[in-house]
Amino acid sequence: MAMRLRQEGYNCSQSVLIPFSDELHYDAESLAIITSALGSGVGQGELCGVANALAIGEGIINSDSNPEGKKKAMAGARKLCETFKEPHGGCIRCVDLKGKCGKTCHELVAQGVSIFYDRLNNPEADD
């Protein structure tokens, strides 16, 4: 589904999170809106949209509206982003991933979907 979304013109963040709409208890349209401005490194080649999606997804599943809830979500997002950037020599910026690392958005989306799938199916990740 993620690759189809990407081919249809959705950005990397949208393509990573929309397939998990049921698990996140958000409808696909809401996730598309929430992540709509995060493509192309927030339009500037900065933090990859896949990393943004991982952080948003972690916040949805591992936080609450209490200001203290962010601590657990931030720790989880940090773990997910470390997992994402590790095979790319620490690169996490869109411009670097696509430039010096030679990755395509499709490859990065596939990696992000795999990481988030593993996160959802690994209850120990909440510890």
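I looked up where α6 meets α9 and found V50, L54, G57, E58 and I61 in α6 against L108, V109, G112, I115, F116, R119 and L120 in α9, with contact taken as heavy atoms within 4.5 Å. I sorted the residues of this contact into eight nonpolar, two polar and two charged; Ala, Val, Leu, Ile, Met, Phe, Trp, Tyr, Cys and Pro count as nonpolar, Asp, Glu, Lys and Arg as charged, and the others, Gly among them, as polar.

I note that this is a predicted model, in which local features need pLDDT of at least 70, side-chain atom pairs count only at pLDDT 80 or more, and totals for chains, interfaces and linings use all residues. Residues are numbered from 1 along each chain as its sequence is written, and side-chain values use heavy atoms, with hydrogens and water left out.

I then checked the geometry: α6 (residues 49-61) and α9 (residues 105-120) pack at about 20°, with axes 10 Å apart. Helices here are DSSP runs of H or I, at least four residues, numbered from the N terminus. Axes are lines fitted to C-alpha atoms over the stretch in contact, and angles run from 0 to 180 degrees between N-to-C directions. The two helices are therefore roughly parallel (under 35 degrees; over 145 is roughly antiparallel).

Next I took α6 with α7: the angle is about 150° and the axes are 8 Å apart. That makes the pair roughly antiparallel. I list nine nonpolar, two polar and two charged residues in this contact.

Last, I looked up V50, which touches C12, S13, V16, F84, L108, V109 and G112, leaving aside residues up to four places away in sequence.

Note on methods
Parallel < 35°, antiparallel > 145°, perpendicular 65-115°, else oblique.
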